[in-house]
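I want to write down what I look up, one stop at a time.

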Amino acid sequence: GSLIEQLTTEKYECMVCCEVVRIVAPVWSCQNCYHVFHLNCIKKWARSPASQAEDGNSGWRCPACQNASVQVPKTYTCFCGKVHNPEWNRNEIPHSCGELCGKKRQGLDCPHLCNILCHPGPCPSCPAFVTKTCECGQTSHSVRCGQSTKIHCSNVCGNTLNCGKHSCTQVCHAGKCSPCQLTVQQVCYCGSNFKEVLCGSKEEFSDGFGSFSCQNICGKKLNCGRHNCKQICHPQPCQLCPRLPQVVYRCPCGQTPLSKLLELGCVERKICTDPIPSCGKTCGKPLSCGSYEFIHTCESLCHEGDCKPCSHTSNIYCRCGFKKKDFGELSFFLIAAITFMCDKRCNKKRSCGRHKCNEVCCVDTEHKCSLVCGRKLNCGLHRCEEPCHRGSCQTCWQTSFDELTCYCGESVIYPPVPCGTQPPECKKTCTRPHDCDHPVYHSCHSEEKCPPCTYLTQKWCMGKHEVKQLGTDKFVKSRFRLLSIGDCSPCVTCYPSFQSYVIETKVYVLPQMKYTTLFFRIAAISIATKLTDLQLGDSVEISRLITKKEMKQARLQCDEECLALQRNRRLAEALEIDDNSDPFNIRSSGPKYSDLLKEDARKDIKFVSDIEKEMRMLVEAVNKGKHTKKSHCYPPMNRDHRRIIHELAQVYGIESVSYDNEPKRNVVITAVKGKSICPSNTLTSVLDKEMQSRPAPPLPHYKQTDKSSGNSGLSKPLKEEPVIDYFDVQD
């Protein structure tokens with residue numbers, strides 16, 4: 001009625017163009033939601049990409065109800081679809097043909113067609129009345145045609161149930177009756193067990209011998225009347241006695257016929273209880289403990305009854321294969337079903353590479369780690385919550401929606417701000433409170449502590465001889481506090497006393513320089529940072545503490561050996577000779593051992609011999625083996641022994657590094673294939689040759705006495721100054 005009124009008064013709008021639908025304009029009506037559209041508008045909509053269904057194969061969608069249609073409307077028809085291009089009549093509904101609708105009502109079990117004039121919208125319900133029966137079919141009622149409600153009476157259903165014996169006791173209901181819930185008692189085939197089942201179920205079936213098998217031994221008397229049935233509870237009659245004379249034709253093992261044994265003199269059997277003659281051969285029946293590949297047989301002589309247990313044993317491995325266990329005689333099927341676990345724990349790394357598997361009797365191949373990673377993320381605030389994994393963790397997924405500013409608030413990073421983002425850089429002057437009142441020259445920063453103050457102040461030297469420009473920051477003061485009084489550096493006049501202090505601390509300083517500033521910087525920084533090493537006698541590396549210009553002024557003068565090396569280097573570059581080459585066989589003539597090394601070796605020749613023996617073995621092992629490097633660690637030793645090892649390592653081309661602190665400081669040597677060599681002359685052999693080449697000390701002189709003096713023999717040797725051999729190992 002609402003559609004008819006809006007179309008007649010021209011107040012109905014098309015959903016596509018939002019214009020009023022005129023009474024003379026061609027229209028199209030959706031058969032699902034009954035909305036009315038202009039025919040041209042619905043054609044354009046159906047061809048547009050926005051109207052296509054999501055799957056792409058169901059056609060186009062209605063703009064109102066989204067119902068998919070395959071065919072695009074092409075002609076203008078009335079609402080019932082009988083007349084094309086209907087003409088408008090003032091006395092009829094717009095866009096209708098004026099005839100009976102005649103359409104079948106949708107969704108209702110009604111055989112009658114719509115009996116009103118052609119109309120928009122759904123057809124009204126059928127006004128006819130029909131007679132319907134209740135669900136059980138015992139009573140009838142007159143109801144409106146197309147009524148969807150079911151009719152129920154108050155009588156008992158009474159229909160026959162699925163068992164075919166009992167009837168339904170429920171009140172009139174819809175659908176099929178429920179299965180029979182009564183129980184009946186059944187007996188097994190052998191008659192020893194009973195059970196209750198639902199009436200009408202498949203288990204109720206009986207073949208006359210019983211209804212089910214209890215899976216026990218039957219136990220019924222056989223036809224012989226002497227033996228019982230040994231089969232599992234079965235439905236058919238029991239078999240004949242297996243020991244009857246007319247059934248048994250062979251010996252117990254089955255290898256020899258009884259007829260042949262009767263010819264040999266055996267007694268003929270009359271009844272089933274008579275013994276079955278034995279052939280005397282090995283039984284040979286297969287036992288239950290064997291497998292398909294290895295069959296175990298009975299080793300007893302031909303016998304009646306069951307075979308004896310197998311004499312073999314069954315070894316079963318654990319699931320990881322590390323241990324085996326003896327289970328005695330077992331059948332093949334039992335062996336396949338038995339699994340046991342050993343107590344060995346798996347030492348392999350898990351998939352994360354951090355943790356061990358540690359499972360007992362492990363058979364896993366992937367060893368996945370089930371622990372939580374827990375490492376800190378790149379933000380430094382949160383931890384990784386993923387399962388333990390290899391490689392780097394993902395970036396922190398947490399985000400802040402607050403603005404991140406610098407300390408003074410001039411620079412801002414607007415949200416969202418990823419977790420761990422540093423405050424933005426700011427070029428404004430630092431506004432934090434400072435300890436001093438000097439001008440601030442550094443920019444705004446996010447660190448809590450400000451950089452040291454760089455403002456220069458005037459201070460007297462320690463002897464109050466002159467005024468100098470010095471920084472006021474605490475960093476500079478801390479460096480000078482070891483050497484000066486009142487945060488002041490020494491001047492030239494103060495230098496002698498200061499120099500004596502440095503010499504007493506076993507520091508070998510450079511010669512007196514022109515400028516005391518260079519000397520002061522070197523001495524102050526060296527003593528402040530290397531005081532512990534200086535007390536132990538180590539040298540101090542100062543190349544990184546001074547400038548190139550100062551380094552050039554403090555450079556030592558070249559000696560004759562240095563000049564010779566420079567001359568040879570220039571000559572090699574002019575002749576294009578490689579530094580590693582040895583054209584004149586100079587290097588192969590033998591290694592060059594320093595005098596200091598020889599002197600130390602003479603003091604402890606056994607220690608040097610052991611060190612060289614170990615180095616030669618290490619070099620030979622790395623050159624002959626497949627590894628490119630091999631290392632050896634010496635036990636802790638004193639400084640002199642470590643120096644000997646370092647110098648010998650240079651001769652052998654071996655890398656040497658000292659580790660740990662005193663008194664447990666030790667040396668580790670590493671030989672590299674192709675780089676480390678064994679010299680032709682060892683240090684001990686060189687010392688032996690030098691000992692042999694030195695002249696022997698003169699023998700003591702004896703004075704011969706006169707025979708007439710009466711003293712026979714040799715007199716005492718003359719007392720001379722002893723000749724001291726400084727190369728003697730004993731010394």
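**Entry 1: a loop arginine**

I began with a side chain: a polar atom of the Arg105 side chain lies 3.2 Å from the backbone oxygen of His112. I looked up the rule for a polar contact: a pair of N or O atoms within 3.5 Å, where within protein one must be able to donate a hydrogen and the other to accept it, and residues adjacent in sequence count only if both atoms are side-chain atoms. The Arg105 side chain also reaches the backbone oxygen of Leu113, at 3.3 Å.

Before going on, I noted that this is a predicted model, in which local features need pLDDT of at least 70, side-chain atom pairs count only at pLDDT 80 or more, and totals for chains, interfaces and linings use all residues. Residues are numbered from 1 along each chain as its sequence is written, and side-chain values use heavy atoms, with hydrogens and water left out.

Where does Arg105 lie? I found Arg105 in the loop between β4 (68-69) and β5 (129-133). Helices (H or I, at least four residues) and strands (E, at least two) are DSSP runs, numbered from the N terminus. Is Arg105 buried or exposed? Arg105 has a relative accessible area of 5%, so it is buried. The cut-offs, with a 1.4 Å probe and protein chains only, are under 20% for buried, over 50% for exposed, and in between for partly exposed.

I then checked contacts (heavy atoms within 4.5 Å).

**Entry 2: a loop lysine**

Lys82 is also in the loop between β4 and β5. Lys82 is partly exposed, because its relative accessibility is 46%. A polar atom of its side chain lies 2.9 Å from the backbone oxygen of Leu100, and the Lys82 side chain reaches the backbone oxygen of Cys101 at 3.4 Å. Lys82 and Cys101 are 19 residues apart along the chain, and their C-alpha atoms are separated by 8.8 Å.

**Entry 3: helices against α14**

The axes of α12 (residues 605-624) and α14 (residues 683-693) come within 9 Å and cross at roughly 140 degrees. Axes are lines fitted to C-alpha atoms, for helices over the stretch in contact, and angles run from 0 to 180 degrees between N-to-C directions. So α12 and α14 are oblique to each other. Angles under 35 degrees count as roughly parallel, over 145 as roughly antiparallel, 65 to 115 as roughly perpendicular and the rest as oblique. In α12, Ile605, Val608, Ser609 and Glu612 meet Leu683, Thr684 and Leu687 in α14.

Next I looked at α11 (residues 595-603), which packs on α14 at about 85 degrees, with the axes 11 Å apart. That is why α11 counts as roughly perpendicular to α14. Leu597, Lys598, Ala601 and Arg602 of α11 make this contact with Leu683, Val686, Leu687 and Glu690 of α14.

**Entry 4: the core**

Which residues of the largest nonpolar core touch the most other members? Of its 25 residues, they are Met615, Ile645, Leu648, Ile654, Ile669 and Leu683. Such a core is a set of buried Ala, Val, Leu, Ile, Met, Phe, Trp, Tyr and Cys residues joined through side-chain atoms within 4.5 Å. α12 gives the most to this core, with seven residues.
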